[in-house]
Amino acid sequence: MAFRAVILGAPASGKGTISSRIVKAFGLEHLASGDKLRVNIAQNTPIGKEAKTYIEKGLLVPDDFMVKFIANELKQIRSSTWLLDGFPRTIGQAKALWEVQKLDVVLNLVVPFDVIIDRVKGRWVHLPSGRVYNNNFNAPVVPGKDDVTGEDLVQREDDNPTVVLKRLEQYEKLTRPVVEFYKDKGILNEFEGRTSDEIWPKVKSIISNFLPGQKIGKL
Ligand code: G5P
Ligand code: MG
């Protein structure tokens, strides 16, 4: 069965956290633009070198670059059941995606600003997989190490307070209109909450309408 979804939300609203629960419960492919860019940066590829100049300043990478990058990543996904996280985040990207692929559902995480600021301070990530932890939430079993591989966790360079404020500003200016774009298409679902635990059951219930009989109840 085909199912194509996008997850939207401000920086640190929990897109990665909720996405990993969706993957565990429903077994679909998860493509996170930020995770893919960070792997390219770590490997010092031409894509990584270009993207780094924007990411380190908290700016969005230009649309033409991102549209090509994600189109290429999507081609490599064989399944027709996937979840995009971090793309699209401008109206230009949303229109480009819609032209080549209509979506079944868009999930928008709405988390208060004060919660977001607190979260980025304690975030740790496992770069190769994109797995995300926090000192105060889903802490790794061994501090500083990924639960699955035991490899080192790192803090993101764009999680420093100045860059986070820039990212939030970019979100308000450029990404919020994308929410309206999908509302007009009639496929937007909004989830408000201060914690991912509060939001997750509602997300699970919506996706169950599209993917019945999947591994529901495991989480
Ligand atoms: P990214 O990587 O897409 P953002 O800024 O959109 O970055 P981010 O920061 O990855 O989003 P998230 O995935 O929404 O946040 O949140 P998360 O990582 O799951 O959770 C944040 C933290 O809170 C974690 O530590 C988690 O453990 C914790 N947490 C979760 N839930 C709870 C809870 O209930 N309680 C508590 N206490 N903690 C919790 O993009 C990065 C950059 O790449 C470029 C841009 O430059 C961007 O700034 N980029 C693009 N540019 C242009 N176009 C695109 N499409 C681009 N995509 C990426
Ligand atoms: Mg993320």
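User: Which conventions apply here?

Analyst: This is a predicted model, in which local features need pLDDT of at least 70 and side-chain atom pairs count only at pLDDT 80 or more, while totals for chains, interfaces and linings use all residues. Residues are numbered from 1 along each chain as its sequence is written, chains are lettered from A and ligands numbered from 1 in the order in which they are written, and side-chain values use heavy atoms, without hydrogens and water.

User: At what angle do the axes of helix 4 and helix 5 cross?

Analyst: Axes are lines fitted to C-alpha atoms, for helices over the stretch in contact, with angles from 0 to 180 degrees between N-to-C directions, and helices are DSSP runs (H or I, at least four residues) numbered from the N terminus. Here the axes of helix 4 (residues 63-75) and helix 5 (residues 91-100) come within 10 Å and cross at roughly 35°.

User: How are the rings of tryptophan 98 and phenylalanine 181 arranged?

Analyst: Rings of Phe, Tyr and Trp (its six-membered ring) pair if their centres lie within 6.5 Å, and planes under 30 degrees apart count as stacked, over 60 as edge-to-face and the rest as tilted. The structure holds 4 aromatic pairs. The rings of tryptophan 98 and phenylalanine 181 have centres 6.4 Å apart and planes at 90°, so this pair is edge-to-face; tryptophan 98 lies in helix 5 and phenylalanine 181 in helix 7 (residues 161-185), 83 residues apart. Ring pairs also link Trp98, Phe181 and Tyr182 into a cluster.

User: Is tryptophan 98 buried or exposed?

Analyst: Buried means under 20% relative accessible area, exposed over 50%, and partly exposed in between (1.4 Å probe, protein chains only). Tryptophan 98, at 16% relative accessibility, counts as buried, and phenylalanine 181, at 13%, counts as buried.

Notes:
Helix = DSSP H or I, 4+ residues; strand = E, 2+ residues; numbered from the N terminus.
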